[in-house]
Amino acid sequence: MELKLLLTVLLIQSATVPADYIRPPPRKAFHLPWHSKPSSYPQQVHISLAGDQHMRVTWITDDNSAPSIVEYGTSPGQYDSVAEGENTSYSYMFYNSGKIHHTVIGPLEHDSVYYYRCGQQGPEFQLRTPPAQLPITFAVAGDLGQTGWTKSTLDHIDQCKYNVHLLPGDLAYADYIQRHWDSFGRLVQPLASARPWMVTQGNHEVESIPLLKDGFVSYNSRWKMPFEESGSNSNLFYSFEVAGVHIIMLGSYADYDEYSEQYRWLKEDLSKVDRKRTPWLLVLFHVPWYNSNTAHQGEGADMMAAMEPLLNAASVDLVLAGHVHAYERSKRVYNGRVDSCGSVHITIGDGGNKEGLAHKYINPQPIWSEFREASFGHGELKIVNSTHAFWSWHRNDDDEPVKSDDIWITSLISSGCVDQKRNELRNKLMTP
Ligand SMILES: *[C@@H]1O[C@H](CO)[C@@H](O)[C@H](O)[C@H]1NC(C)=O
Ligand SMILES: *[C@@H]1O[C@H](CO)[C@@H](O)[C@H](O)[C@H]1NC(C)=O
């Protein structure tokens with residue numbers, strides 16, 4: 001207790017906080033009790049978008065013979081459709097995972113509630129599919145972990161009306177302890193079984209051991225994303241479209257230079273974007289390119305040098321990153337400078353992980369940086385129509401989801417930035 005108090009005092013002293021806001025200290029790991037269930041009982045249920053009007057349902061069973069079947073329908077308890085999927089598992093040193101089931105269901109109606117059951121066992125879940133057209137709302141939180149702060153971030157996200165969750169890397173903070181992936185799966189299940197969670201990888205997902213284990217074994221097995229559906233050969237980078245928004249998930253920990261598969265795939269994916277169909281273009285990855293926090297300074301520079309010209313030529317509206325445990329929003333920027341046809345960059349690596357906040361900033365604040373604060377919280381992005389989106393950041397202040405920063409963002413196509421000249425440049429860059 002005394003130690004905790006001392007730690008609290010030290011933390012408050014070391015932080016450069018605004019005078020009117022006393023920042024609360026980090027919180028301990030959050031433990032969800034797990035009462036043992038039959039071995040075929042579905043656990044860690046989460047869903048993700050899997051191509052037009054399809055959803056992938058993922059869950060884990062201890063029982064290796066449990067079927068990968070999802071029964072579903074639009075009324076509770078009445079399942080008029082059934083789909084069978086695939087299964088996988090992995091071992092990691094002395095740990096053997098349960099059976100991991102991935103079953104794609106659909107075609108599903110837009111903006112509808114479906115009731116479903118996994119493996120003909122256990123409770124009924126319900127999910128809501130995203131709308132066919134704008135408006136759509138995204139919840140955004142990176143670097144989640146599984147602490148008391150994670151729990152309050154998740155509770156706040158649960159209160160907002162959102163369609164899809166976007167996570168720019170660092171999920172469980174399992175850090176080689178594989179059962180922590182399981183506890184994370186159980187912690188997020190209430191939200192992730194109800195709305196699609198679209199994630200990309202962070203450094204805490206790597207978990208490679210030289211000569212013994214390749215990277216991303218657990219992440220790729222448990223959090224399969226629609227990479228095949230988007231023409232990618234790796235779960236570490238993919239794209240999807242939802243309600244008039246094209247979203248690209250890049251991999252900060254996959255090769256990104258101009259000879260890499262990721263670079264080749266990105267060019268191809270960008271060349272397929274049709275702004276008439278998807279007026280908004282978003283990109284997520286873990287390590288921020290625009291960051292004025294002293295934490296992780298310059299770590300995104302190589303990827304930025306390789307890929308920012310492509311994103312700029314394609315007129316990406318908004319880039320969301322994590323990694324730095326704080327919040328920062330930029331003006332429209334390109335090539336390190338304010339540029340009215342550049343992208344807005346937001347760092348939102350403050351979901352609530354065990355490592356605590358990154359308090360120190362470079363001063364003076366760079367011209368491109370519009371708002372920055374080291375607090376836990378989450379973001380909400382409501383894309384209203386083809387020209388306007390409303391972004392807000394909600395700080396976990398005393399367990400209330402206080403809205404601390406908000407801004408209207410206008411799309412680049414409505415700002416005269418997607419013109420003839422840029423189209424030509426884009427075509428030149430995107431030609432394979
Ligand atoms: C699990 O997947 C394997 C192939 O990876 C397949 O042969 C097997 O039938 C599947 N088992 C079940 C119960 O679906
Ligand atoms: C888009 O939404 C904004 C904000 O609500 C509104 O001002 C604007 O008129 C809308 N544009 C169209 C074309 O509906």
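Me: Where does P107 lie?
Reply: P107 is in the loop between β8 (99–105) and β9 (113–118). Strands are DSSP runs of E with at least two residues, helices are runs of H or I with at least four residues, and both are numbered from the N terminus. This is a predicted model, where local features need pLDDT of at least 70, side-chain atom pairs count only at pLDDT 80 or more, and totals for chains, interfaces and linings use all residues. Residues are numbered from 1 along each chain as its sequence is written, while chains are lettered from A and ligands numbered from 1 in the order in which they are written.

Me: What kind of peptide bond joins G106 and P107?
Reply: A cis one, with omega about 5°.

Me: And what about the bond from L134 to P135?
Reply: That peptide bond is cis, with omega near 5°. P135 sits in the loop between β10 (121–128) and β11 (136–140).

Me: Changing topic, what is the phi of Q53?
Reply: Positive, about 60°, although Q53 is not a glycine. Q53 belongs to the loop between β1 (43–49) and β2 (55–61).

Me: Why does Q53 count as partly exposed?
Reply: Because Q53 has 15 C-beta neighbours inside 10 Å. A residue is buried if 20 or more other C-beta atoms lie within 10 Å of its own, exposed if 12 or fewer, and partly exposed in between, with C-beta atoms placed from the backbone.

Me: Where does Y176 lie?
Reply: In the loop between β12 (164–167) and α3 (179–192). Y176 has a positive phi of about 80° and is not a glycine.

Me: How many other C-beta atoms are within 10 Å of Y176?
Reply: There are 15, so Y176 is partly exposed.
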